[in-house]
Amino acid sequence: MAALLWRLGRAPCRLRAARPALAAAAAAVWPPPPPRPAAVPPGPRRPLSFSAAELVRAAPGRLQPYLRLMRLHQPAGTWLLYLPCTWSIGLAAPPGCLPHWPTLALFGAGAVLMRGAGCTINDMWDRDYDKKVARTASRPLAAGEISTFQSFVFLGGQLSLALCVLLCLNYYSIVLGAASLSLVVSYPLMKRITYWPQLVLGLTFNWGALLGWSAIRGSCDWSVCLPLYLAGVMWTLVYDTIYAHQDKRDDILIGVKSTALQFKEDTKRWLSGFSMAMLVGLCVAGMNCNQTFPYYSAVAAVGAHLAHQIYTLDIDKPEDCWKKFASNRTVGVLLFVGIVLGNLCKRQESKTVQEPLESSQANHVFDCPTT
């Protein structure tokens, strides 16, 4: 019995002594799992963006060069083409009423298409020049992402869709809109001929100041449309001269002309003169269509914005020139808001206005539109 008790007491000691050997044998048969990596704290989530540039980057790869060719990733130019249309549509609205929203939407689609077509034509003319300028060397035609034939086909598609938009308007507006095509095609050549290509761009970009009124009223009231159009041309001379200062060094090397090279260090004086002429044109247009206090307040705000642009502009810093150029969208929006509010303050006329030209074809909105 004593011997049995002694052996039982020794058994745990032997098990403890054999434990390392047993563990080694078990590890050989069942290797331990690899160590888990240390947890990495999650980084900041990328915010969801719906900007035009992000939408273009998210598009299929084959489609992206065409979207960049029509500058869909840089919508500032589209806004600057569209906003004069909104001014004219807003001024043509009946007293006390909002602008005709379907017409605004139609002109918005037309602005996207015609700006895209204009950029395509510009890049086709300038593909050899664009290769020599750092800012434009990555454009699809200059970089060889799209052939000249492909750009022709794409241009035809854009113009066809723009024609569909134009055909939604009255006959007077169809003829008036078609008349602007010569300006669209010829503008890119002007930088080879004259130091005033920005003037031709102004005549082109502000055609909507005529077309918007005729789309609502059936024809142009030149006492309103002409000063509004000239004000828009002066505005374009302001913002596109600022834009041209970005490339003035490259323009000198490759022989391209612009108002930036014409004005040089006197740029701010010229811009101040153009701004004053713009404000005078807006005031004349407002008086001729009986605008009210909110409109003139917006004109004053536009003047203050332009004064700040010109005063703080550094023509030798391309980044500042781009910032000032892009800020002109605010100028256009300010004026449109003033037009809408000014029109709402007018008293609704009691008599029905009769238009002399093509009343059946025009988008007459002499009563407040319900759609």
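Because the model is predicted, local features need pLDDT of at least 70 and side-chain atom pairs count only at pLDDT 80 or more, whereas totals for chains, interfaces and linings use all residues. Residues are numbered from 1 along each chain as its sequence is written, and side-chain values use heavy atoms, with hydrogens and water left out.

The mean pLDDT, the predictor's confidence in each residue on a scale from 0 to 100, is 84 for the protein, and 80% of its residues reach 70 or more. Over residues 349-366, however, pLDDT stays under 50, and for this segment the model has 32 contacts beyond four places in sequence, a contact being heavy atoms within 4.5 Å. Where pLDDT is low, the predicted coordinates should not be read in detail.

Turning to the aromatic side chains, a search of the whole structure finds 16 aromatic pairs, where rings of Phe, Tyr and Trp (its six-membered ring) pair if their centres lie within 6.5 Å, and planes under 30 degrees apart count as stacked, over 60 as edge-to-face and the rest as tilted. W322 and F325 form a tilted pair, because their ring centres are 5.4 Å apart and their planes stand at 40°. Both residues belong to helix α17 (residues 318-326), and because they are three residues apart there, about one helical turn separates them; helices here are DSSP runs (H or I, at least four residues), numbered from the N terminus. W322 is partly exposed at 33% relative accessibility, while F325 is buried at 7%, given that buried means under 20% relative accessible area, exposed over 50% and partly exposed in between (1.4 Å probe, protein chains only). Ring pairs also link these two residues with W87, W235, Y239 and Y243 into a cluster. A ring takes part in another kind of arrangement at Y195, where the charged end of K257 sits over the ring, 5.7 Å from its centre; the criterion is NZ of Lys or CZ of Arg within 6 Å of the ring centre and within 35 degrees of the ring normal.

In helix α7 (residues 148-166) lies L159, partly exposed at 28% relative accessibility. Beyond its neighbours within four places in sequence, L159 is in contact with M114, A117 and L181, and its C-alpha atom is 9.7 Å from that of G118, 41 residues away along the chain.

For the cysteines, the count of disulfides, meaning pairs of cysteine sulfur atoms within 2.5 Å, comes to zero. The sulfur of C168 has its closest cysteine sulfur in C164, at 7.6 Å, which is too far for a bond. C168 is partly exposed at 46% relative accessibility, and C283 is partly exposed at 27%.

Key:
Helices (H or I, at least four residues) and strands (E, at least two) are DSSP runs, numbered from the N terminus.
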